[in-house]
Structures are given as C-alpha cells and as structure tokens.
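Please look through the chain shown below before reading the numbered points. They are meant for someone who meets this structure for the first time.

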Amino acid sequence: MLALISFCSVSLPRFGAIFRVMAAAVVAFMATSALAQPAVQDTLRPDTMAARVAACTACHGTQGRAGTDGYYPRLAGKPQEYLYHQLLNFRDDRRQYRPMAHLLTGLPDDYLREMAAYFSEQHVPYPAPTRAQVASATMEAGRTLALNGDAARGLPACASCHGAALSGLMPAIPGLLGLPRDYIGSQIGSWKNGLRRAAAPDCMADIADKLTPTDIGALAAWLSSQPVVEPYAPEAAGSLRLPAECGSQAQR
C-alpha cells in the first residue's frame with residue numbers, strides 16, 4: 001500500500017518490480033487459502049454429524065460445551081445413553097420443552113442414538129465456575145445434601161448415584177458439575193412438578209418430591225460453584241450400588 005501511495009516518486013521500473021512482488025504475495029495467499037478451504041468445507045458438509053446438529057449447538061454452544069446464557073446445559077462428554085434417553089424423553093413428551101420437541105418430532109431412535117454418540121465424544125475444557133452469592137449456611141446445606149444426603153427424610157446423597165466426584169455413572173447417569181445454577185434448579189423443580197419424567201422407575205422424581213424449595217436452591221448453589229477437576233469422566237458401570245432402582249440405567 002505504501003508503494004502505491006508514493007507512486008509519483010517511484011520510477012516505473014522500480015514500481016514494476018514492487019508490483020510483481022505484491023502480485024506474487026497475493027497469489028501465495030490465495031493458494032494457502034485454497035489449501036485450507038477443504039477442511040472448512042468438510043466440516044460444513046451436510047453429510048457430517050457436526051453439520052446436522054447445528055440446530056443443537058446454536059443453543060448448547062460449539063461442540064455442546066454449554067450455552068452462554070446460564071441456562072442451556074453442556075452436552076459434551078455426557079454418557080451416550082443419558083443423552084439418548086433425554087432425546088427420547090423430549091421427543092416422546094416425558095420432558096416438556098416445546099422447541100426441543102419440535103426439533104425431534106419424527107426422528108427415529110437410531111438417529112437420536114447417533115446424535116447422542118456425537119456429543120458424548122466431544123471433550124472440551126470446562127470454564128471456571130461462578131460462585132453463587134449465597135449465605136455460607138446455604139452452601140453448607142447444599143454440600144451436605146450432595147455428599148451425605150439426609151437419611152431422616154430418606155434422601156440419598158447425590159454422590160451415591162452420580163459418583164464420589166459427581167462425574168456420573170455409566171451407562172446413563174450424568175455428571176452434575178459444570179452446569180449453570182439456574183439449569184440445576186429448574187430441572188429439579190421440573191421433576192418435582194411433574195414437567196420432567198424419566199423411564200420408570202423414575203428415581204429422580206421420587207428424590208425431587210422429597211426436596212423442599214430451600215433444598216433445591218442450596219443444591220443448585222453448591223453444585224454450580226464447584227470446579228471441575230480433570231479427568232472428569234463417568235465412573236464405570238456397576239462400580240456403585242445404587243440406593244434405588246432407576247429406569248434410566250436400563251439401556252434401550
């Protein structure tokens with residue numbers, strides 16, 4: 001650009017040399033771009049699962065890493081069977097959220113399983129948590145429920161099903177960390193109010209029914225404030241003896 005600006009003070013032979021150098025640079029740049037283009041096109045081809053789930057990642061973030069609004073949850077790295085069950089539940093009206101039901105209506109089971117497999121294989125870093133601004137007593141109540149439960153009320157600890165690190169249990173119990181506070185609270189509330197259901201016996205519905213609004217707020221605050229320590233992966237199937245039978249653990 002500087003050579004063009006000072007054209008009047010540059011001799012024609014010298015300008016010709018400068019122009020040839022600039023032209024060669026442009027050609028080299030275009031060639032480099034051309035080499036890089038197929039990789040982009042491969043990603044966007046309609047016959048790739050990455051392209052097919054673009055409607056999912058519009059809300060749930062690139063690779064399913066979670067939405068930016070503090071509500072849409074992370075899909076990446078969750079157990080395939082858990083994700084598959086949730087897709088079935090949305091499609092078959094066991095979970096009430098019309099946009100999801102609309103997207104999934106008419107899709108066959110095998111295709112839903114492929115979608116679940118795609119997101120289960122995405123492994124992206126977790127962001128640092130945002131500590132909930134609540135009283136220390138609320139945090140402690142949430143910690144106690146998550147790690148110890150409340151035997152007097154027949155409430156098992158979250159860890160008794162979701163693992164000591166709260167990272168989930170294969171084949172279909174998800175991790176509880178790295179989720180937005182609002183999402184955790186709303187989902188437990190949905191189970192309590194019958195807006196979210198799972199395959200019978202619905203163990204989470206039974207647990208949610210025993211939780212008070214104060215319990216739910218404390219759990220959401222504590223869980224959402226905990227950092228994710230890598231490697232963060234579901235525990236092996238059969239490594240925990242569940243305190244109750246859960247239909248979600250039955251593979252379909």
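How much space lies in the second largest pocket?

1. The second largest pocket holds about 360 Å³ of space. Of the 21 residues that line this pocket, Pro129, Thr130, Leu179, Pro180 and Ser224 are the closest to its centre. A pocket is here an open set of points on a 1 Å grid over the protein atoms alone, with protein on both sides within 12 Å along at least five of seven lines, and a lining residue has an atom within 4 Å of a point. The volume is the space filled by probe spheres set on the points, which are joined across faces, edges and corners. Sorted by class, the lining of the second largest pocket has 9 nonpolar, 8 polar and 4 charged residues, where Ala, Val, Leu, Ile, Met, Phe, Trp, Tyr, Cys and Pro count as nonpolar, Asp, Glu, Lys and Arg as charged, and the others, Gly among them, as polar.

2. On the basis of the note: this is a predicted model, in which local features need pLDDT of at least 70 and side-chain atom pairs count only at pLDDT 80 or more, while totals for chains, interfaces and linings use all residues. Residues are numbered from 1 along each chain as its sequence is written, and side-chain values use heavy atoms, with hydrogens and water left out.

3. On confidence: the mean pLDDT of the protein chain, that is, the predictor's confidence in each residue from 0 to 100, is 83, and 81% of the residues reach 70 or more. Over residues 1-43, however, pLDDT stays under 50, and the model has 11 contacts beyond four places in sequence for this stretch, a contact being heavy atoms within 4.5 Å. Where pLDDT is low, the predicted coordinates should not be read in detail.

4. On the overall fold: the protein chain has 12 helices and 0 strands, both taken as DSSP runs numbered from the N terminus, with helices (H or I) of at least four residues and strands (E) of at least two. Of the 252 residues of the protein chain, 41% count as buried, where buried means under 20% relative accessible area, exposed over 50% and partly exposed in between, with a 1.4 Å probe and protein chains only. Among contacts between residues at least 6 apart in sequence, 68% join residues at least 24 apart.

5. The largest cavity has a volume of about 90 Å³, and its lining has 7 nonpolar, 3 polar and 1 charged residues. Among the lining residues are Lys78, Ser167, Tyr126 and Tyr232.

6. On aromatic pairs: the structure holds 4 of them, counted where rings of Phe, Tyr and Trp (its six-membered ring) have centres within 6.5 Å, with planes under 30 degrees apart called stacked, over 60 edge-to-face and the rest tilted. The rings of tyrosine 118 and phenylalanine 119 have their centres 5.1 Å apart and their planes at 75 degrees, so this pair is edge-to-face. Tyrosine 118 is buried at a relative accessible area of 16%, and phenylalanine 119 is buried at 5%. The rings of tyrosine 126 and tyrosine 232 are also edge-to-face, because their centres lie 5.6 Å apart and their planes stand at 85 degrees. This pair links distant parts of the chain, with tyrosine 126 in the loop between α7 (109-120) and α8 (136-147) and tyrosine 232 in the segment after α12 (213-225), 106 residues apart. Tyrosine 126 is partly exposed at 21% relative accessibility, whereas tyrosine 232 is buried at 13%. Elsewhere, Tyr71, Tyr72 and Tyr183 form one aromatic cluster.

7. On backbone details that deserve a careful look: a cis peptide bond with omega of about 10 degrees joins methionine 170 and proline 171, and proline 171 is found in the loop between α9 (159-162) and α10 (181-192). Leucine 166 lies in the loop between α9 and α10, has a positive phi near 55 degrees although it is a residue other than glycine, and is buried at 3% relative accessibility. A cis peptide bond also joins alanine 200 and proline 201, with omega about -5 degrees.

Technical notes: On a 1 Å grid over the protein atoms alone, a cavity is a set of points where a 1.4 Å probe fits but cannot get out, and a pocket is an open set with protein on both sides within 12 Å along at least five of seven lines; lining residues have an atom within 4 Å of a point.
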